[in-house]
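Open the model in your viewer and keep the sequence panel beside it. The stops below are given in the order in which to select them.

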Amino acid sequence: LGVRLTYYHDTIEPMDYGLFFLPWSLTPSDKTLQVHGLKPGQKVWYYPRRGFDLWNTRYFIVPGYLVWDSKARGYASAVRGSTLIYPAPDEFDGPGGDERRKRWRDEEDFHVFRNDVAFPRAWVVHRASLVPPIRGLQVNDRFRVVRDLIYQADEFWNVSGVPVRDPHTMAWIETDRPREIDRFLSRVDPDPSETVTLIRDEPQRVEFTAVLRSPGLVVVGDMYSPGWPLTVNDQPAEIHRTNRAMRGVARPAGPHRLVFRYEPASFR
């Protein structure tokens, strides 16, 4: 089916990856509650939408009806910026439509939405927040960076005074050598002519070609792991831990060929 990444709860879950998707219960603003006909103080389950967008989630398969305060059915954040594709929007038009809709909800109980704002597999940025490597195992320590990444001040999760940062134009890099990376940050907006193209996608080998108009960072939406060495233009290159769980490759302007191979030294 072409599925590349699987979130597997508890057993083999990488903590940093899971933080992008785990929901929590919150109380939206009074205005949001009123718009959706909810009671004052009503709690809703919030799945961090930008977390799914960042990891190139193309489709949402959700229950047939929404229950705001249900962890299993509280999929409200998946609807905005998405298009219902199944059942088709006109599936229940015409005579008997209400009955067929009710039967679908009770017996089939699912909808499929296409995510219209998913990030690409890889992209280029020229700005970054350089932070010290996170070494502790506490969730609060690790969530600080993730919170900056996934906060988008949407109608459900909106905190006064918290700035909104755009991962399309900047990245978060964990490093204890900030000066080395800083020289690759031209601090300009991405140029429309800059491209990152996936040319090979296999379980143990992934290749991209990238064209940068000024020094910057190629952000690859694949899991950061020491088992994946990298060559750029046939020369060994460093992968920086980027956006807490992704891969970043700092490069000068020009064309580049990035080749990731799965060759864990521990296995050898």
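This is a predicted model: local features need pLDDT of at least 70, side-chain atom pairs count only at pLDDT 80 or more; totals for chains, interfaces and linings use all residues.

**Helix α5.** Select residues 139–150, the 12 residues of α5. At 1.5 Å a residue the helix should span 16 Å, and its end C-alpha atoms, 15 Å apart, agree with that. Now show the side chains of Arg142, Val145, Val146, Leu149 and Ile150, which are buried. Looking down the axis of α5, you will find the buried residues within an arc of 130°, so they line one face of the helix. Among the elements covering these residues are α1 (15–18), β1 (24–26), α3 (49–54), β7 (127–131) and β8 (170–174).

**Largest pocket.** Next, display the largest pocket, with about 1,100 Å³ of space. Its lining has 33 residues, and Phe52, Thr57, Arg58, Tyr59 and Phe60 are the closest to the centre. Both α3 and β3 (59–62) give two or more residues to the lining; β3 gives the most, with 4. Colour the lining by class: 21 residues are nonpolar, 6 polar and 6 charged.

**Loop between β4 and α4.** Go to Pro87, in the loop between β4 (82–86) and α4 (97–108). The peptide bond that joins Tyr86 to Pro87 is cis, with omega near -5°.

**Two loops with positive phi.** Select Asn233, between β12 (230–232) and β13 (235–237). Although not a glycine, Asn233 has a positive phi of about 55°. Then move to Arg244, in the loop between β14 (240–242) and β15 (246–251); phi of this residue is also positive, near 70°.

Is each side chain buried or exposed? Asn233 is partly exposed, because its relative accessibility is 37%. Arg244, at 1%, counts as buried.

Methods
Residues are numbered from 1 along each chain as its sequence is written. Side-chain values use heavy atoms; hydrogens and water are left out. The expected span of a helix is 1.5 Å times one less than its number of residues. Buried means under 20% relative accessible area, exposed over 50%, partly exposed in between (1.4 Å probe, protein chains only). The arc is that of the directions from the helix axis to the C-beta atoms. Contact means heavy atoms within 4.5 Å. On a 1 Å grid over the protein atoms alone, a cavity is a set of points where a 1.4 Å probe fits but cannot get out, and a pocket is an open set with protein on both sides within 12 Å along at least five of seven lines; lining residues have an atom within 4 Å of a point. Grid points are joined across faces, edges and corners, and a volume is the space filled by probe spheres set on the points. Ala, Val, Leu, Ile, Met, Phe, Trp, Tyr, Cys and Pro count as nonpolar, Asp, Glu, Lys and Arg as charged, and the others, Gly among them, as polar.
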